[in-house]
Amino acid sequence: MDAPGRIVLDALGRAPAGPELLAAAAGLPGVHLVGGAVRDLLLGSTPRELDVVVDGDPAPLLARLSAGAPGPATVHPRFATATVTVPAGRIDVARSRRERYPIPGGLPEVEPAPLADDLLRRDFTVNAIAVSLDAGELRAAPGALGDLDARRLRVLHDRSFVEDPTRLLRLARYRARLGFAVEPHTAGLAAAASLDGVSGARVGAELRLALLEPDPLAALDGVRGLPVKIDAPVARRATQLLPADGRVDLMILGILTRQVATEAWLESLGLTARDRDVGRAVWGADRLAGAMAGAPSALHAALAREPVEAVAAAGALGPGEAARRWLEELRHVRLEIGGEDLVGAGIPPGPDIGRRLARTLGRKLDGELAAGRAAELESALG
């Protein structure tokens, strides 16, 4: 076992899902941890997921992993890959392969190939490193370890961005997250490439990953050919307004896609119904910004049914203080009384109960009531 390989295996044993992977791979030949997981473990950080390449048939490993998983593996036959979710994390398993791109920007055709070929098909040299889980042997593409030591991002060949232009988004994402420099020749290749012609679904998948980065705007900085315009000042102001219970990725996605604002775009991103609702609400930020004026009761009337992401985006367009007051204070104001109190005081059940409570909440928000249940009940009964 070489020293870097020992470092990786020791760290893997402490990483989420690492012990499960090591146990499943015990005694199986040709199983390698690969890509970003190896990179991160060599850098002393925790990998987000574990990518495994099997130089041979991955079925025995998948069977062992699935035996300890709460559900079956998700298999993608076209690319000979599968994903197993164990209690501690996600493990992606693939057969070692080579790729061919018949159409630039399209999906690749794949065929089984040795591990050496698999490493050379990857996006950047720092992701073209593998460690065998049986012997701890480290294998890497030429220059990969030197680039990792130098904290440098370099493509493996000159057609990398032509074959798969979504690597432009990955380049920006890794640069922002890792703080790595882009090797000058790679930077020149990236400057000459763009995402034009890539399907919305593929761009959308990479875009969503970028939006999950710690600094999503930095992860998109300088990417040419995006079908959306990045209004960084608005997005950053909105991020500062967004409370902890908001989703920054959905908010920025809504801000970015306001110009295209189509259901097709939302559908192409694979969003849940709730996430699509948030995106639509953020598209209406201009309308909300125009309604964010007047007394606190007026803010409640305008914003009570809006997601916090839409309110923060609207505040970033101008009424920042109104948005901040709503998000930090007013949205949490509640009545101490409820409908049962009004029924108990003689008000018949029906829509009038809701109207009385809404009127009382408005008066409370505007500071027109004394504190306490008695004042609220008196207002609601009046």
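Predicted model: local features only at pLDDT ≥ 70, side-chain atom pairs only at ≥ 80, totals over all residues.
Biologist: Why is α2 called oblique to α4?

Modeller: Helix α2 (residues 18-25) and helix α4 (residues 59-67) pack at an angle of about 130 degrees, and their axes are 9 Å apart. That angle makes α2 oblique to α4, because roughly perpendicular covers 65 to 115 degrees and roughly antiparallel needs over 145. The crossing of α2 past α4 is right-handed.

Biologist: Which residues make the contact of α2 and α4?

Modeller: From α2 come Glu20, Leu21, Ala23, Ala24 and Ala25, and from α4 come Leu61, Arg64 and Leu65. By class, the contact has 6 nonpolar, no polar and 2 charged residues. Leu and Ala count as nonpolar, Glu and Arg as charged.

Biologist: What makes β3 and β9 the edge strands?

Modeller: The open sheet has 7 strands in the order β3-β4-β5-β2-β1-β8-β9, with mixed pairing. Strands β3 (74-76) and β9 (138-140) each pair on one side only, and are its edge strands. From one strand to the next, the twist averages 25 degrees.

Biologist: How do you know that β4 and β5 pair?

Modeller: Strands pair if there are at least two bridges between them. Strand β4 (residues 81-86) and strand β5 (residues 89-95) are joined by 6 bridges and run antiparallel, so they pair. Thr83 stands opposite Asp92 in β5.

Biologist: Where does α1 pack on the sheet?

Modeller: Helix α1 (residues 3-12) touches β1 (31-34), β2 (50-54), β8 (129-132) and β9, and its direction makes about 75 degrees with that of β8. Helix α2 lies across β1, β2 and β5, at about 15 degrees to β2.

Methods:
Residues numbered from 1 in each chain as written. Heavy atoms only, no water. Axes fitted to C-alpha atoms, helices over the stretch in contact; angles between N-to-C directions. Helix = DSSP H or I, 4+ residues; strand = E, 2+ residues; numbered from the N terminus. Parallel < 35°, antiparallel > 145°, perpendicular 65-115°, else oblique. Left-handed = near helix turned anticlockwise from the far one by under 90°. Contact = heavy atoms within 4.5 Å.
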